[in-house]
Amino acid sequence: MTYDLTGYLSCPIRQVISRFGDKWSMLVLYSLHSCDTGTLRFNELRRHMPDCSQKMLSQTLRNLEQSHLVRRKVFAEVPPRVEYSLTDTGKSLMPSVASLIDWAKAHFDDVVAS
């Protein structure tokens, strides 16, 4: 028996969720959303996620920028200053992420039962 993978591979849910569905992306998005200024520098993000390596955070930020969820702004200073913030698309995602966080809090014991 053969399966037609065309529909599966082009599924919008699969394609979109794969851009931010990993744990580091969600934490970056939430950190940017919940900070007072709406912008964070790289090391500020690292302090929010101390168990995320520098390499993984860099890769995550690059992927979120390529997916148009995070904006990277470089200031022409010495040393260079780089700030990250949510794009309008990223901001529009946050109500759904907030709902997911609320659901996770309500069902944590059910899902993560030992």
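Predicted model: local features only at pLDDT ≥ 70, side-chain atom pairs only at ≥ 80, totals over all residues.
## Helix 6

Helix 6 covers residues 88-111. Its 24 residues should span 34 Å at 1.5 Å a residue, and the C-alpha atoms at its ends lie 32 Å apart, which agrees.

Four residues of helix 6 are buried: Gly90, Leu93, Met94 and Val97. The packing partners of the buried residues in this helix are helix 2 (12-20), helix 3 (23-34) and strand 3 (81-86).

## Nonpolar surface patch

A nonpolar patch on the surface is formed by Leu100, Trp103, Phe108, Val111 and Val112. Together these residues have about 520 Å² of accessible area. Val112 belongs to the segment that follows helix 6.

## Salt bridges

How many salt bridges does a search of the whole structure find? The search finds two. In one of them, the side chain of Glu77 meets that of Arg81, with an N to O distance of 2.9 Å. Glu77 has 35% relative accessibility and therefore counts as partly exposed.

Another salt bridge links the side chains of Arg81 and Glu83, with 2.9 Å from N to O. Glu83 counts as buried because its relative accessibility is 18%, and the cut-off for buried is under 20%. Through salt bridges with shared partners, Glu77, Arg81 and Glu83 are joined into one network.

Conventions: Residues numbered from 1 in each chain as written. Heavy atoms only, no water. Patch = residues over 30% accessible without salt bridge, like charges linked within 9 Å, V, L, I, M, F, W, Y side chains within 5 Å. Areas by Shrake-Rupley, 256 points an atom, 1.4 Å probe, with all protein chains shown as cover. Salt bridge = Lys/Arg side-chain N within 4 Å of Asp/Glu carboxyl O. Helix = DSSP H or I, 4+ residues; strand = E, 2+ residues; numbered from the N terminus. Expected span 1.5 Å × (residues − 1). Buried < 20%, exposed > 50% of the residue type's maximum accessible area, 1.4 Å probe, protein only. Contact = heavy atoms within 4.5 Å.
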